[in-house]
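Trainee: I have a model open and would like to go through it. Can we start with how some of the helices sit against each other?

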Amino acid sequence: MGRLDGKAAVVTGAGRGIGRAIAELLAAEGAAVVVNDVGSEVDGRGAGTSVADEVVAAIRERGGRAVASHESVADYAAAERIVATAVREFGAIDVLVNNAGILRDRMLFNMSEEEWDAVIAVHLKGTFNCTRHAAVQMRQQRRGRIISISSTSGVYGNSGQANYGAAKDGIAGFTRVVSRDLGRYGITVNAVCPGALTRMSQTVPQSARRTRNERGLETGFEERGFPLRNFGPENVAPWVVHLATDAAQNVNGQTFLVMAGLVALLGYPAPVRTIQKDGRWTPEEIATIFPHTLGMDLANPAPPERTR
Amino acid sequence: MGDMLAGRVAVVTGGGRGIGRGVARALAAAGAKVVVNDYGVAVDGRAPSSGPAFDVVAEIERDGGEAVAVADWEGAGRIVDTARSRFGRIDILVTCAGILRDRMVFNMSEEEWDAVLAVHLKGTFACVRHACTHMREQRWGRIITFSSGSGLFGNPGQANYGAAKSAIGGLTKVAARDLGKYGVTVNAICPVAGTRMTVNEEVRRAREVRKERGIQREDRGVAQIEELDPDDVAPMVVFLASEHARGVNGQFFLCFGSTVALVSQPRPVKALYKADGNWTLDELDRLAPTTVLEGLVNPAPPKEA
């Protein structure tokens, strides 16, 4: 008996990497899976049906149930069809994993409008599109699990990823809001910030990582000295699937960091230091007491270069 | 007139009303020349007019101002160009412009999503992108974005607004890292204030519905919003725009009334680790409830059947 026998799942971007590992583990636990992937390059260009079809074949070979979907999550109407595929083929949608994403890294001062738009469209609008349509069905069912892939790129801040970081932190905020919209209908909504070696993470060139290190720029997990072992995408899947099972039925509105054997709960943003006075502050007053209160020991993540 | 920002040139988007108006006037009062940008729309983004921006410009006695639209790429470029052609440079960018279209996510239309994301997120990116090239060249700049507790803490009925405001948060954190070395700082304000956006019949109704249904909203001890003057947000913005705040970069500040609070960033607070990386679901079932999941509260628990 699997933990998800009789359940139906949709995994977007499931043709490769983390999405594929999630789809395969959901299927191994008994879920019928819609394997959605447009089959594009990491930058979103191109399309093909073979990657999704391959994953479906692999799941079926092991006795699981799966169907392929090749539509883009960035298209509102197409997202409705992706959700409808689960309902038509498997009678419901119990689990939605918003995993599809692309990458177009560039320093902010060189980023084009097109690079911004493309990344926001797939990650952020795509997550809204699928969640919006799945939510209608899940609300009627009075059950559902939505797990969206966010990233430390946005939650912590990664240099060179203004588009991706914005989209991914947007997904984290979206998750916190939507968990409150849907919780009372027996639906949970959570986010996972994964770390894994995939086709996507390998596009960040070693030279960029080296440069960031040399300049003392704060960046993502690889550069924070986490040993690069066990970073297979299959190590992200167990926690995502755990969130989809009955064991996590009351876990709602949370964000988790998952990589290489680490599963961590990320705290909510919260006011941690406060200054108050009787009446309105003047800027001069804030300047006087800020260094001794709110600003004490705050580090600049990218200090100015020394002027020659 | 103060002199904290003497000689500086600032752009304030959404500077025609509410918090943005207070910011524009306070920057001018601190000695900055200000471009007041406002599309002059209703809270939902409809019915533009040039009135509010010109009204604020008129209020700022010594300083000139001009109004241009913010939601399109060319508009953002024109706003930054206006600062440079009129006053010779751009030192300070404050992005307050925003609209609201609240709806529970299962009823939200694509148009409601797109409109809110366009003004808040794309509008912020477009202005920051155009301003930062000049700030990088002059090796000095201050960017102050407007995020919100809606996305950081989770406000029901605001999937579009909460996502946009959190995405602005992510943009702020990345921009701080991309631009810091050039002497540019990028910080975010999460304001709470009584404005036409937050004090209206719809908001009052929503509050009652939430209370009725037991849905948590993380108001974090904020007083009744009606009592919070939008002009109270401005002093912290002026401070962040000044030379005094040169080392403050990539931070978030919650501002309401006389309160200014540093907001923490999400960090791991409880963790489980397995050296070989490969968790089984049995292990997670056994360990998670007493470790990473211990004590978590569902912010909107299921209605009893």
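Helix packing in chain A

Mentor: This is a predicted model. In it, helix α3 (residues 76-90) of chain A packs against helix α4 (residues 113-141) of chain A at an angle of about 40 degrees, and their axes are 8 Å apart.

Trainee: Is α3(A) oblique or roughly parallel to α4(A)?

Mentor: That angle makes α3(A) oblique to α4(A), because angles under 35 degrees count as roughly parallel.

Trainee: Which residues make that contact?

Mentor: From α3(A) they are A:Y76, A:A79, A:E80, A:I82, A:V83 and A:V87. From α4(A) they are A:N129, A:C130, A:H133, A:A134 and A:Q137.

Trainee: And is the crossing of α3(A) and α4(A) left-handed or right-handed?

Mentor: α3(A) passes α4(A) in a right-handed crossing.

Trainee: What angle do α4(A) and helix α6 of chain A make?

Mentor: About 15 degrees, for α4(A) and helix α6 (residues 162-182) of chain A, with their axes 9 Å apart. Therefore α4(A) is roughly parallel to α6(A). The crossing of these two, α4(A) and α6(A), is right-handed.

Trainee: Which residues of α4(A) and α6(A) make the contact?

Mentor: On α4(A), they include A:W116, A:I120, A:L124, A:F128 and A:R139. On α6(A), they include A:Y164, A:I171, A:F174, A:V178 and A:L182.

Trainee: New topic. How many residues does the largest nonpolar core have?

Mentor: It has 199 residues. Those with the most contacts inside this core are A:I22, A:L26, A:V33, B:L27 and B:V237. Its largest share, twelve residues, comes from helix α4 (residues 110-138) of chain B.

Trainee: Why would nonpolar side chains be buried together?

Mentor: I can only give you the general pattern: in soluble globular proteins, they tend to be.

Trainee: Take A:L26, then. What does A:L26 touch?

Mentor: Leaving out residues up to four places away in sequence, A:L26 touches A:L4, A:A9, A:V11, A:A31, A:V33, A:V95, A:V241 and A:A244. One of these, A:V33, is also among the core residues with the most contacts.

Trainee: What does the predictor say about the complex as a whole?

Mentor: It gives an ipTM of 0.93 and a pTM of 0.93. The mean pLDDT of chain A is 92, and 91% of its residues reach 70 or more. For chain B the mean pLDDT is 89, and 91% of its residues reach 70 or more.

Trainee: Where is the pLDDT below 50 in chain B?

Mentor: Over residues 65-71 of chain B, a stretch that has 36 contacts in the model beyond near neighbours in sequence. In chain A, pLDDT stays under 50 over residues 218-223, for which the model has 19 contacts beyond four places in sequence.

Trainee: Let me ask about the ends of chain B. Is B:D3 buried or exposed?

Mentor: B:D3 is exposed, because it has 8 other C-beta atoms within 10 Å, and 12 or fewer counts as exposed. B:D3 is in the segment before β1 (9-13) of chain B.

Trainee: And B:L293, buried or exposed?

Mentor: B:L293 counts as buried, with 22 C-beta neighbours inside 10 Å. Its place is in the segment after α9 of chain B. Leaving aside neighbours within four places in sequence, B:L293 is in contact with A:V251 and B:A288.

Trainee: Last one. Which residues other than glycine have a positive phi?

Mentor: A:A260 is one of them, with a phi of about 50 degrees. A:A260 lies in the loop between β7 (255-259) and β8 (262-266) of chain A, and is buried, with 24 other C-beta atoms within 10 Å. B:R139 is one as well, with a phi near 55 degrees. B:R139 lies in the loop between α4 and β4 (141-146) of chain B, and is partly exposed, with 13 other C-beta atoms within 10 Å.

Terms used
Residues numbered from 1 in each chain as written. Chains lettered and ligands numbered in written order. Predicted model: local features only at pLDDT ≥ 70, side-chain atom pairs only at ≥ 80, totals over all residues. Core = buried A, V, L, I, M, F, W, Y, C linked by C-beta atoms within 7 Å. Buried ≥ 20, exposed ≤ 12 C-beta atoms within 10 Å, placed from the backbone. Helix = DSSP H or I, 4+ residues; strand = E, 2+ residues; numbered from the N terminus. Contact = placed C-beta atoms within 7 Å. pLDDT = per-residue confidence, 0-100. Axes fitted to C-alpha atoms, helices over the stretch in contact; angles between N-to-C directions. Parallel < 35°, antiparallel > 145°, perpendicular 65-115°, else oblique. Left-handed = near helix turned anticlockwise from the far one by under 90°.
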